[in-house]
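Work through the exercises below with the sequence and the structure at hand. Each task is followed by its solution.

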2 protein chains.
Amino acid sequence: MSNFALRDALDGRWAHVRQAAREQLAGSHFVAVPGETLEQSRERISRLIRELPTDPGIAAGFPIAYGGKADPGGSVVAAEMLAQLDLSLMVKAGVQWGLFGGAVVALGTAKHHDAYLRDIISADLMGCFAMTETGHGSDVQNLRTTCAYDPRTQTFDLHTPYEAARKDYIGNAARDGRMAVVFAQLITGGRRYGVHAWLVPIRDEDGNPMPGVTIGDDGPKAGLLGVDNGRLSFDHVRVPREMLLDRYGQVAPDGTYSSPIENDTRRFFTMLGTLVRGRVVVGGSASAATKSALTIAIRYGEVRRQFGAPGEEREIALNDYLAHQRKLLTALAKTYALTFAQDELVGALHEVQTAEGPADEHRQRELESRAAGLKAAQTWHATRTIQTCREALGGAGYLAENRLPGLKADTDVFTTFEGDNTVLLQLVAKGLLTGYRDAFGSLDGWGRATFVAEQVREMVLERTAARSLIQRLVDAVPGRDEEVALTDRGWHLRMFEDREKHLLDGAIRRLRRGASRKPERQFDIFNDVQDHVLEVASAHVDRVVLEAFVAAVDRFPEEPLLAKMCDLYALSEIEAHKGWYLEHQRLTPARSKAVTAQVNALLAQLRPHLPELVGAFAVPDEWLACAALREEPGRQEVMAAHDDQALAPAS
Amino acid sequence: MSNFALRDALDGRWAHVRQAAREQLAGSHFVAVPGETLEQSRERISRLIRELPTDPGIAAGFPIAYGGKADPGGSVVAAEMLAQLDLSLMVKAGVQWGLFGGAVVALGTAKHHDAYLRDIISADLMGCFAMTETGHGSDVQNLRTTCAYDPRTQTFDLHTPYEAARKDYIGNAARDGRMAVVFAQLITGGRRYGVHAWLVPIRDEDGNPMPGVTIGDDGPKAGLLGVDNGRLSFDHVRVPREMLLDRYGQVAPDGTYSSPIENDTRRFFTMLGTLVRGRVVVGGSASAATKSALTIAIRYGEVRRQFGAPGEEREIALNDYLAHQRKLLTALAKTYALTFAQDELVGALHEVQTAEGPADEHRQRELESRAAGLKAAQTWHATRTIQTCREALGGAGYLAENRLPGLKADTDVFTTFEGDNTVLLQLVAKGLLTGYRDAFGSLDGWGRATFVAEQVREMVLERTAARSLIQRLVDAVPGRDEEVALTDRGWHLRMFEDREKHLLDGAIRRLRRGASRKPERQFDIFNDVQDHVLEVASAHVDRVVLEAFVAAVDRFPEEPLLAKMCDLYALSEIEAHKGWYLEHQRLTPARSKAVTAQVNALLAQLRPHLPELVGAFAVPDEWLACAALREEPGRQEVMAAHDDQALAPAS
């Protein structure tokens, strides 16, 4: 069942990249293989990474001069499409071209680009992004690896001081990587200048570790078996001076340090900010996997029947059960919503990263915040939804041949890599509290608590999508909620906004109160309200997502299903937070119950359209790699009908 | 940190079985091995199953005459302990002794017991429990496999009519099983008598399939790699008459059918009811795995530090963050609660299955209902909590060497096997609506809707634990809630009760209204309120669990931590359902906010006791099989302290 208007809406701005991927990656060659061993998977992925089409491809983000297309948005969408095919393939590609190649582009200068980019793009030079350490994952500003300059030899001394400072979970390290971008504390002239990055060879031509480099294997993982994660330690490894990726900080031959950004913290988070694309890719990839899972579960629920009912000739299709709709259709509506929000985010990333002239720091911070928030929202939604889909297939969902175990296991790590979700939401909240003035991309634990508490801004709500449309809708809502239709879009927007505003105001009040009381432990000022502050961030992300959906509905007025899905998303979120709304008297008890009834009514209206709603994701059949859906068409149905007659109880 | 009173409370009635298992299963011999291949895992588990100590053991449930101990409660607890060690081992043992052996005991008669039980107990005769079919998992009353009696040959003809009727997901089938208890529609004299079970050889002495039997392999699964799940099809296989397990239905040589239970449906669900133990084991095993996961995450959160704070010498331990406590400590409190409820359930099972005299049908139905509800509650809690623990370890939680991937993957199927959780909750609700009069153990889709709607009883709330104590506590609560302390246990009980009662009353009203309107599709009468009805079941289970916790607090008055954990459980559940309580004016907005503040206050009070609270599960270190916890004691801490000094910023 094809609904091209829906598909166009969901494909969004880079629809051409999606469509090209569906065509170019056709054939079983690239499709995920369930039940592989670690070695089989690593071997296959290492091979395929060199066979990927390049246009469109993840490498589209590279500068035109080196063979790229200067299309950062397109590269993100290309990565999402790879994720829908095989998550190991996406992560391996993301490590090579996104993290490793991306760091060389963003943190290096012409000499590095000239020397390495072509080989990186062609995958002749495989590399790693070595930031995380065993002891420091979230708090990367405090990495323990050191890199000290010695003017006598004009080299750096890269060193891992102890085991917990080793680089860990590093993709491409255990098997394929020949170089690594290594993050370490730069020391020169007896002073530390914070974390910088160096290009460091880790294996020689024969694949043996370079002198002083110890390489370990992280071994079997929950998923992503095709990605060779490993550990790197450095024992006073000599790194030539010119291997410092020196766009944001230079060391002269005599050891003199210079940088366009004076403050160490600000410099480091500016460097990190250039790498925001990875986080956007992970969020989008999580949603790509969610779409595959929902396609499988909903198509299965359409043919799978269980339990008869009086007066029914056939057993009931799973999709006809309200409980099933409550699980899958609401998750589908949220997936639509997140798709539109992600499309907008990719657009914002594209504008920022292709803008001429000096960087707009405010827009950059806002982009980082939105990338963080949507990464958290999409990856948690993926984890929950894929689990739901697994359960919706019963025992069949537990078999590798039906794909869901792979989708679940592969995406699981997304909630904690490229930034732990809880830490990311804290970053979002910090941006909201300070108006991005001092947020950097810092993931710190609210270190300077009193400082932040004093700086918290007066709440100003910034709209992200279709500002004037949304303002018009909100303004059109009459004063008293009880009079407003439950499906009034302006009312939905106002409810989401109200929640964000009120939560933010409350957090500001509580932080100020805490700071003025000056408790002994400054840490407690923030920790006492951490749950509240995280809720601020969630409410903010919810609002951004709804605004994106509303803007999409406005762009496709000819498609009534889109409007209904938007209603379902908005109302099921309001229902999910009805505790808050009732507590703050934004819903009366009667209206709260009416919301639940309206959600059920929408489910009944949308149920007949389920196949077309999920079909609009346009995931190619073979990409689903699901045995239960490969049965001859109609076979199950024919058998069931035949069977109900043949075995009707004789008693 | 040992707290023996807490451990005693959690170990419960079969503490001696738990302690014996901890001692007998010491040594690395039985411990889970992360990262095995399918073949390695199957080989290891097949070997270990024959090396398990038998006293205490799962086989304790068998009759004394055949070498068992007639201790069904002890056998369940022994299974839980195996689950804590290795879930594949538990499931393999559960298939052999619980499902296969259990069916021979419960559905067979002396001739079967004499011929097979000793070999089953010794594992010399490995067997399968072949009920589920590819096309029918939940609706087992409508299995399609047929077994028709032919008086001329005095044999049955066992037949799989088409592919979707093959037996699927059958443990022990793919590799080790030599016989199977096969469930099929019994046909004799041209009439069907519903589902019965036969003992059928599936492999010969050399391990080759018997004539007419086709054996398939379900292949790689999400987890439980050590269990050889497979598929069985029968092509007109001749089964001798005496292989019918004929306790509940006999076929004479001439084909005459007789049974002590006339109604086919009632007979089948009576047969199923005797197999309730499997469901109790799965629920308990899910909690056993949850305890391992929480032990790992909480011990890790005690030593793992991230982010500094002003005025703090060292970085902050993860367990000190409110967000971390919100995730792990509330899950820990619920795990305590479920442990006490499971202990009571095992006690009830033990009483019913060791009772002399005729079966008490009401108690049997109540047992089945409670087993269903607690299985659903414990397995969903396990899935959610183990996921939370995985995330709490960040990247380390994704590595097989840290155990959480295995715990997650192995327990995942528990939410849908031994009864799909949603279907089980429907069964619970049906029991509540009809007062067990017509509930059987039927998992049907509310087939006879109008019938049930007319029969729904007047609501009578039956207490499960410590009836008089609980009534006293509830009665002591003054009339107006606002005057009652938030930690008043009677108030907690009344809130849980109120929710169950009100939801049940509402469901009854809505069902009656739906039935009186007589819509065209009777299916809709129930389907329209399915979400409401499932909520009734959840609320009921919540209440049963709280009552079990309250009774445990009363048994261990000397342990104040237990009372605080009970408060935390009760209040965090009330908080989780605050939407309902506010909607139904059981909470004022002000009191609802106070509940959240009280939960946070309890977290702060309990936080210093986290190690001892989780230590009370007494999971042996080596059973955890977690590399991150095997580091030399204190090493991380020493390094971190040293390091904070050594690398204090120079700028």
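**Exercise 1.** In this predicted model, does B:Glu205 count as buried or exposed, and what is its relative accessibility?

Solution. Step 1: the relative accessibility of B:Glu205 is 68%. Step 2: exposed means over 50%. Step 3: B:Glu205 therefore counts as exposed.

**Exercise 2.** Which residue forms a salt bridge with B:Glu205, and where do the two partners lie?

Solution. Step 1: the partner is B:Arg178, with N and O 3.7 Å apart. Step 2: B:Arg178 sits in the loop between strand 4 and strand 5 of chain B, while B:Glu205 sits in the loop between strand 6 and strand 7. Step 3: the pair therefore ties together parts 27 residues apart in sequence. Step 4: B:Arg178 has 28% relative accessibility and counts as partly exposed.

**Exercise 3.** Describe the salt bridge between B:Arg42 and B:Asp217.

Solution. Step 1: the N to O distance is 2.9 Å. Step 2: B:Arg42 belongs to helix 3 and B:Asp217 to strand 7 of chain B, so the bridge ties together parts 175 residues apart in sequence. Step 3: B:Arg42 is buried, at 3% relative accessible area. Step 4: B:Asp217, at 38%, counts as partly exposed.

**Exercise 4.** Are A:Asp542 and A:Arg499 buried or exposed, and which helices hold them?

Solution. Step 1: A:Asp542 and A:Arg499 form a salt bridge, their closest N and O atoms being 3.4 Å apart. Step 2: A:Asp542 is in helix 17 and A:Arg499 in helix 15 of chain A, 43 residues apart. Step 3: both A:Asp542 and A:Arg499 are buried.

Terms used: Residues are numbered from 1 along each chain as its sequence is written. Chains are lettered from A and ligands numbered from 1 in the order in which they are written. This is a predicted model: local features need pLDDT of at least 70, side-chain atom pairs count only at pLDDT 80 or more; totals for chains, interfaces and linings use all residues. Side-chain values use heavy atoms; hydrogens and water are left out. A salt bridge is a side-chain nitrogen of Lys or Arg within 4 Å of a carboxyl oxygen of Asp or Glu. Helices (H or I, at least four residues) and strands (E, at least two) are DSSP runs, numbered from the N terminus. Buried means under 20% relative accessible area, exposed over 50%, partly exposed in between (1.4 Å probe, protein chains only).
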